[in-house]
Every structure is written in structure tokens, then in C-alpha cells.
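Q: I'd like a close look at one part of this model, the shell around the ligand. Could you walk me through it?

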Amino acid sequence: MKFAKMQGTGNDFICVDCFREKIVHPHSLARRLCDRHFGIGADGLLLLLPSAAADCRMELYNRDGSAAGMCGNGLRCAGAYLNAHLLPQRQEMIIETRAGLKRLWKKEGGYRVDMEAPRLEAHALPVLSERGLVIEEAFSVEGKTVTLTCVSMGNPHAVCFVEKTEEAELELLGRALEHHHRFPEGVNTEFVEIVDEEHLKVRVWERGCGETMACGTGACAAVVAGALTGRCGRSASVRLPGGTLTVEWEQGGPVFLEGPAEEVFSGEIPAV
Ligand SMILES: N[C@@H](CCC[C@H](N)C(=O)O)C(=O)O
């Protein structure tokens, strides 16, 4: 089986071109290949398949084998793979995902993706705070009360604002929230430091992975939550351990995510 190793801001994927390859057991394959000691090593397995409605269909399986509904860095990596191997001249592409059709554009140094409008959880009612009416709620976790803004970008995110990302109890709280009874499908947690209105620093504990170098949907959720709680503007650059992503949230409309994506190497393993 041929594969390409892709990365977007350090969030890395084993990409398999399913126009040519056939995968029968993606969940167990993801667990095996993503292992950094006994496999190829990656945060996820990214499958690109034929689609009747788009240029391709993208499926993402996390390192633990669970399927994810959406992946911002994965979409940019899919765009880079399509441009390099299947659609060399295309500046604009449509990719089918479990969360609908996503449009992306090739840009200088990367890709811009229309991530569509965020969705707030049905129970997310505005509360009055010193910043005005904001959308946030208190959760009990590991004997602490943490305030979270829950946003879906096609996959679930809980955003927690902190003074310093370096000091965030990322593993303790991220792991506990991933398995919290209020998130029956699990959750990705972003620990967000507001540098100023247009600059955020973020670390992410990803569902099915643990801490990653970056999360595209997480960067979008961080800006949406920052804007909803009056902490930042609707456009911001988001610095993650693996690099910087740009996020813009149109008034009442979609979120655009922009950043790099590249193929790092390719290889072949015995048939699976
Ligand atoms: N890193 C991704 C998100 C991957 C899926 C996530 N772990 C989930 O299970 O929802 C991104 O760049 O968005």
C-alpha cells in the first residue's frame, strides 16, 4: 500500500489515495500505522476517496482509531495531496466530509478553507458577565470548576481561556474532559491565551490523540469562542506549538481557516 506523509502546522497524517488503494479496516489500520514506535507515526489516518458530489471524499481516523467528523489541517493536507498528485492545475477544490462539502483555495504558502458556520450547543445560553452577555458555562472536572465555551466546527470543541498556555493543566483537564459525562461523544479541548484582540496562543488536547502540535478546527473554535465572549475580534492569528494559522469569522456566516500544508515523504508498506 502506497502512502504519503502530510503535515499542516505539525499536525501530521498518513494519507492514502483510495482512488488507487483499497482499505477494508480503517479503524484498526489507523491504530497500527499511527503508532510512533511500531508504525509510521502520525496524529491520524487521512483517506481520500472518490466522491459523486466533490473532487474527493475525505475520511479522518484519529490515532486511537476513532472516526472524526471534521479536520481543518486534514482538509489543507488533502488539498496539497490533490494538487500534487491528482488535480495539478486546480486553484479551487471541493472536498466531501462527514460534516458536508467544504471548499478550499490554493494560496501563497498554503490553503484557505471555508469551514462553514460554527454551531453552538443547544444548551449554550448567554450569561451575564463582566464582559457583557457571553456564551460560556461552568463544568466540574478533576475537583475544579472550569469555564468553557462549547463550539462545534463539524466536530466538538470546548474552549478554556487561560492566563498562560504553558501553565495550563492540559493533560489532566484535556483527558478528563474528553471522557466527561457531559460530552458523550468526547471533545477536543483548546487552552487559549489572549495575547491581544488579533493574536491568540493555543494548545490543544485532541479527542482520540492527546496533545497535538496544532488543530485547525480547534483554532477556529478558539477564535469563535474568543469573539463570543468579548475577548478578541472575529479575525485573529492563532499561534500553536507547530505554527500559525489565520482564522476569520464572517458576521453571521462562515469561518475561514488559512495555513500551510505539505507532503513530507512518501512510502510503501506491505498490503494491509
Ligand atoms: N486536528 C484536526 C482535528 C482532528 C479530529 C479531532 N481529533 C476529533 O476527533 O474531532 C484539525 O486540524 O481540525
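To start, at which residues does UniProt place the feature "binding site", and which residues surround the ligand?

A: First, a word on what you're looking at. This is a predicted model, where local features need pLDDT of at least 70, side-chain atom pairs count only at pLDDT 80 or more, and totals for chains, interfaces and linings use all residues. Residues are numbered from 1 along each chain as its sequence is written.

On to the record. UniProt, in an unreviewed entry, puts "binding site" at Asn11, Asn62, Gly72, Asn73, Asn155, Asn188, Glu206, Arg207, Gly216 and Thr217. Those positions are in the numbering used here, feature names are shortened, and annotations may be inferred rather than shown by experiment.

Now the model itself. The ligand has 18 residues around it, and Ala68, Asn73, Asn155, Gly216 and Thr217 are the closest; a residue is near if its C-beta atom, placed from the backbone, lies within 6 Å of the molecule. Two or more residues each come from β4 (56-62), α2 (72-86) and α4 (216-228). Helices here are DSSP runs of H or I with at least four residues, strands are E runs of at least two, and both are numbered from the N terminus. The largest share, three residues, is α2's.

By type, the shell splits into five nonpolar, 11 polar and two charged residues. Ala, Val, Leu, Ile, Met, Phe, Trp, Tyr, Cys and Pro count as nonpolar, Asp, Glu, Lys and Arg as charged, and the others, Gly among them, as polar. Domain 1 (2-116 + 260-268) and domain 2 (119-253) both supply shell residues, so the ligand lies between them; the bounds come from an automatic or database domain assignment.

Two of the annotated asparagines deserve a zoom. Asn73 sits in helix α2 and is buried, with 37 other C-beta atoms within 10 Å. Asn11 lies in strand β2 (residues 11-17) and also counts as buried, with 31 C-beta neighbours inside 10 Å. The scale: 20 or more other C-beta atoms within 10 Å is buried, 12 or fewer is exposed, in between is partly exposed, with C-beta atoms placed from the backbone.

Leaving out residues up to four places away in sequence, Asn11 touches Asp43, Asn73, Thr212, Met213, Ala214, Cys215 and Gly242. With its own neighbours within four places set aside, Asn73 contacts Gly8, Thr9, Asn11, Ala214, Cys215 and Gly216. Contact means C-beta atoms, placed from the backbone, within 7 Å.

Methods:
Two residues are in contact if their C-beta atoms, placed from the backbone, lie within 7 Å.
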